[in-house]
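Trainee: I have a new model open and would like to learn how to read it. Could you walk me through some of its features?

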Amino acid sequence: MEEKCGVVGISLEEGDAALPTYYAMYALQHRGQEGAGIVTHDGFQQHSEKGLGLVAEVFDDDDVEHLPGRASIGHLRYPTAGEIDERSCHPYTVTSKRGSLALAHNGTLVNTDEVRAEFEERGHTFSTNSDTEVMVHELASNLVEDGLLDAIKRTMKRIRGAYSLTLMHDDRVVGVRDPLGVRPLCIGKLDDGYILASESVAIDVLDGELVRDVRPGEVVVLDEDGGGFESHRLFDEVPAHCFFEYVYFSRPDSTIDDRLVYDARREMGRLLYENHGVETDIVSPVPDSGRAFASGYAEAGDLEYSEALMKNRYVGRTFIMPTQDARETAVRLKLNTMDSNIEGKSVTLIDDSIVRGTTSRQLVKLLRESGASEVHFRVGSPPIVAPCYLGIDMASRDELMASDKDVDEIRDEIGADSLEYLNVDDISEALDMPRGEMCTGCVTGSYPVDVEGETCERTKDGSRAGAD
Ligand code: SF4
């Protein structure tokens, strides 16, 4: 699974905002590794630098120095909608008689084709097939008739799906979170200004202070002089937060909607033991994302926590793996066994999720080959039965192991002695978040937005049909 994108927006009292934006993007690198971009505004014009690759590969000292201005937005890209090429790197920019506009987007829209077709009928052309470019066109054309806030409101009424945005209209930096609050976005106070960012770790790295999360349906406008911000709650619907942000995507040291992600994962691990605990010699995580779950699980069961697998940190995600066989080899490139911790022992292996099942099957096999007497598998989320349309590159339905298999069949397929998952109610309890305020599309097949060919769980007014 890969997250689609991280966003940053900074407005300072003085000095240039590009360097803090660059540092904040470093802290958010896990949210997108395919491309990076920064656009600044110096009070007269925009300056932009973007390209393919990691933040460290796209920018050098010179690049950052040549991005003047107290206002800046930045973006990290992992494409789920649109191809991978330099033209589709964010932030997208347009200039018109109503000023310059730059936009960075985390999420995916579900009605892009419809909006794009209308524009094309009116003679607009697009340079990419990205949903974000469609959003920029919508916003720019609304700006012709309206002021910024009304233009944003009209745009939010027109587009549907998941979007946490940082945008810059001339030198004014704005944050927008979609009415469902699917993806995170927060506000931080810096020594000499304010920051908007996908996750609070971007604020920490600048030694700033987390003010709060941007609320679902809220537009936050940073003052041009970096002295404060205005809030406008334009929509007030029942939210549909992506619970996978807590399970997997966000950094464990981030705080989202007042919950430290690490604590949420430990609590999920505790519930996993409480509901599905098994006594084994050791409890071991699938590194790195299984660690907090395993530590919560081991503590709850008073069991020994011991690492059975070690990750090769220098393997990126860019090696070629075109076939299933190659994917299986890739597991060995990434993870090695610590045989002395495993030999003759019963092991509970804990992972955050199972997507295709390839990795899980390989890991169980590796542990057995290293002498494990039993391998029990525990998963910190429910079975993934359907794709994500809201900003996560997951897999197609027929690639998802749980789309056509029950838990016993999956257990047999991955070769474990036992297999158990958390269910949606456990997740809701661990996050202390009502079930009706979470998106659960990929684990229930029922989505908080209309997606062609899928079930929508919401009524027209945004409330959740049959919510608990
Ligand atoms: S479908 Fe799954 S991954 Fe996508 S937003 Fe909903 S909960 Fe998150």
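Mentor: Gladly! Let's start with a term: contact means heavy atoms within 4.5 Å. Some ground rules too: this is a predicted model, in which local features need pLDDT of at least 70, side-chain atom pairs count only at pLDDT 80 or more, and totals for chains, interfaces and linings use all residues. Residues are numbered from 1 along each chain as its sequence is written, and side-chain values use heavy atoms, with hydrogens and water left out.

Trainee: Is Arg378 buried or exposed?

Mentor: Buried means under 20% relative accessible area, exposed over 50%, and partly exposed in between (1.4 Å probe, protein chains only). Arg378 has 4% relative accessibility, so Arg378 counts as buried. Ser360 is a second case: with 5% relative accessibility, Ser360 counts as buried. Ser360 belongs to helix α13 (residues 358-369), and beyond its neighbours within four places in sequence it is in contact with Ile354, Phe377 and Ile414.

Trainee: How many residues of α10 are buried?

Mentor: In α10, 8 of the 11 residues are buried, so the helix is largely enclosed by the rest of the structure. The buried ones are Ala292, Phe293, Ala294, Ser295, Gly296, Tyr297, Ala298 and Gly301. These buried residues pack against α8 (244-249), α9 (261-276), β18, β21 (346-351) and β22 (374-379). Helix α1 (residues 18-27) is also largely enclosed by the rest of the structure, because 7 of its 10 residues are buried. Among them are Ala18, Pro20 and Tyr22.

Trainee: Now the backbone. What should I look for in its angles?

Mentor: Most residues other than glycine have a negative phi, and most peptide bonds are trans. After α10 comes Asp302, whose phi is positive, near 50 degrees. Asp257 has a positive phi near 45 degrees, and Asp258 one of about 70 degrees. Asp257 is in the loop between β16 (255-256) and β17 (259-260), and Asp258 is in the loop between β16 and β17. Asp257 is buried, with a relative accessible area of 16%, whereas Asp258 is exposed, at 74%.

Trainee: And which residues are joined by a cis peptide bond with omega of about -5 degrees?

Mentor: Those are Pro287 and Asp288. Asp288 lies in the loop between β18 (282-285) and α10 (291-301). Another cis peptide bond joins His90 and Pro91, with omega about -10 degrees. Pro91 is in the loop between β5 (71-77) and β6 (92-96).

Trainee: How do I read salt bridges?

Mentor: A salt bridge is a side-chain nitrogen of Lys or Arg within 4 Å of a carboxyl oxygen of Asp or Glu. By this rule there are 26 salt bridges. One of them brings Asp288 back: its side chain meets that of Lys311 (3.5 Å, N to O). This pair links distant parts of the chain, with Lys311 in strand β19 (residues 309-311) and Asp288 in the loop between β18 and α10, 23 residues apart. The side chains of Arg291 and Glu307 also meet in a salt bridge (3.0 Å, N to O). Arg291 lies in helix α10 and Glu307 in the loop between α10 and β19, so the pair ties together parts that are 16 residues apart in sequence. Arg291 is partly exposed at 23% relative accessibility, while Glu307 is buried at 17%.

Trainee: Which residues form the nonpolar patch on the surface?

Mentor: Patches are made of residues with over 30% relative accessible area and no salt bridge, where like charges are joined within 9 Å and nonpolar side chains (Val, Leu, Ile, Met, Phe, Trp, Tyr) within 5 Å. Accessible areas come from the Shrake-Rupley method with a 1.4 Å probe; for residues, only the protein chains shown count as cover. Here Leu19, Tyr23 and Val205 form a nonpolar patch with about 260 Å² of accessible area together. Val205 is in the loop between α7 (201-204) and β12 (209-213).

Technical notes. Helix = DSSP H or I, 4+ residues; strand = E, 2+ residues; numbered from the N terminus.
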